[in-house]
Amino acid sequence: MKRKLPPSVNLALRKVGQDIEVGRKRRRWTEDSMAERIGVTRKTYAKIEKGDPTVSWGAVAMALFALQMTDRLRGLADSQADEVGLFAEVEQLPKRVRLPMSKGGKKGDAQ
């Protein structure tokens, strides 16, 4: 069964495709030459520019590579930008921190 993507995901994919299209046009490359550079058919390349979710990650990555935009991939799911995950991590921190007990039973004497 084919799963329908949320609208926000479709919008994001279309934005990536549009950005790749603009990059190609700025370089004055045709769709055919871009497809050849990244090793896909022209039909597949057209799907990339449309933001088609069935296109492989590898094809999109190669398009970004051809445009010298691979840095965009590195930050795609950056764990340091995961606000929800970072918040959840902070929520699980202990409420207070206690000094470890020493062998003699006094706090703070452990080394």
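Where is the place of Trp-57?

Reply: Trp-57 sits in helix H4, so let's stay with that helix, which runs 57–66. (Helices are DSSP runs of H or I with at least four residues, numbered from the N terminus.) A bit of housekeeping: this is a predicted model, where local features need pLDDT of at least 70, side-chain atom pairs count only at pLDDT 80 or more, and totals for chains, interfaces and linings use all residues. Residues are numbered from 1 along each chain as its sequence is written, and side-chain values use heavy atoms, leaving out hydrogens and water.

Start with the inward side. Ala-59, Ala-63, Leu-64 and Ala-66 are the buried residues here in H4, where buried means under 20% relative accessible area, exposed over 50%, and partly exposed in between, using a 1.4 Å probe and protein chains only. They lie on the same side of H4 because they cover an arc of only 165 degrees around the axis; that arc is taken from the directions from the helix axis to the C-beta atoms. Their cover includes H1, H2, H3 and H5, going by contact, meaning heavy atoms within 4.5 Å.

Now for the core. The largest nonpolar core has 14 residues; such a core is a set of buried Ala, Val, Leu, Ile, Met, Phe, Trp, Tyr and Cys residues joined through side-chain atoms within 4.5 Å. H2, H3 and H4 each give two or more residues to this core, and H4 has the largest share, with 4. Among the members that touch the most others are Tyr-45 and Leu-67. Tyr-45 touches residues including Ile-20, Met-34 and Ile-38, leaving aside those up to four places away in sequence. In soluble globular proteins, nonpolar side chains tend to be buried together.

Trp-57 counts as exposed because its relative accessibility is 68%. Together with Leu-73 and Leu-76, Trp-57 forms a nonpolar surface patch with about 360 Å² of accessible area. That area comes from the Shrake-Rupley method with a 1.4 Å probe, and for residues only the protein chains shown count as cover. In a nonpolar patch, residues have over 30% relative accessible area and no salt bridge, and Val, Leu, Ile, Met, Phe, Trp or Tyr side chains are joined within 5 Å. (A salt bridge is a Lys or Arg side-chain nitrogen within 4 Å of an Asp or Glu carboxyl oxygen.)

Finally, just after H4, Gln-68 takes a positive phi of about 60 degrees. Gln-68 is in the loop between H4 and helix H5 (71–74), and is exposed at 73% relative accessible area.

Note on methods:
Patch = residues over 30% accessible without salt bridge, like charges linked within 9 Å, V, L, I, M, F, W, Y side chains within 5 Å.
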